[in-house]
Amino acid sequence: MIDLPLNIHHQLALLLDILNEQAAYKSGTVSEYEQISRLIQSMMSDPALTDNELKSILPALYDYCKQGAVSTSSEEHITAHKSYLNEWMQTIENSIHQMK
């Protein structure tokens with residue numbers, strides 16, 4: 001089996017998919033939060049990421065995931081961050097469209 005790293009476009013698509021699911025179902029698992037954290041760490045260290053607006057949201061999104069992973073209520077955590085989630089998802093969508 002060959003382990004191919006995801007490029008920025010694929011990472012963003014995966015990130016958007018997970019966030020959309022969390023927002024829609026108001027549910028997130030520890031493994032989802034951990035996966036998002038790994039994606040963000042990878043993107044922040046990737047020189048191919050040049051979108052400054054996207055770069056500016058990654059630290060807050062990373063904090064959201066760290067808090068979510070230890071939250072006692074996933075639904076409350078996601079509900080409390082709903083407006084941020086919508087903004088983050090819009091920024092990610094914009095970035096994906098700019099890459100096409």
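Start by selecting Q11 and its surroundings: leaving aside residues up to four places away in sequence, Q11 touches L6, L39, S42 and M43, where contact means heavy atoms within 4.5 Å. Before you go on, note that this is a predicted model, in which local features need pLDDT of at least 70, side-chain atom pairs count only at pLDDT 80 or more, and totals for chains, interfaces and linings use all residues. Residues are numbered from 1 along each chain as its sequence is written, and side-chain values use heavy atoms, with hydrogens and water left out.

Stay with Q11 and show S42. The two side chains make a polar contact at 2.8 Å (a pair of N or O atoms within 3.5 Å, one able to donate a hydrogen and the other to accept it). Their C-alpha atoms are 8.8 Å apart in space, while 31 residues separate Q11 and S42 in sequence. Q11 counts as buried because its relative accessibility is 5%, and buried means under 20% (1.4 Å probe, protein chains only).

Next, colour the helix that holds Q11, which is α1. Select residues 8-25 for α1 and 82-99 for α5: their axes come within 10 Å and cross at roughly 150°. That makes α1 roughly antiparallel to α5, a term for angles over 145 degrees. The crossing is left-handed, meaning that the near helix is turned anticlockwise from the far one by less than a right angle.

Finally, show side chains where the helices meet. On α1, pick residues including I8, L12, L16 and A23; on α5, pick residues including K82, L85, M89 and M99. By class, this contact has 12 nonpolar, 3 polar and 2 charged residues.

Note on methods. Axes are lines fitted to C-alpha atoms, for helices over the stretch in contact, and angles run from 0 to 180 degrees between N-to-C directions. Helices (H or I, at least four residues) and strands (E, at least two) are DSSP runs, numbered from the N terminus. Angles under 35 degrees count as roughly parallel, over 145 as roughly antiparallel, 65 to 115 as roughly perpendicular and the rest as oblique. Ala, Val, Leu, Ile, Met, Phe, Trp, Tyr, Cys and Pro count as nonpolar, Asp, Glu, Lys and Arg as charged, and the others, Gly among them, as polar. Buried means under 20% relative accessible area, exposed over 50%, partly exposed in between (1.4 Å probe, protein chains only).
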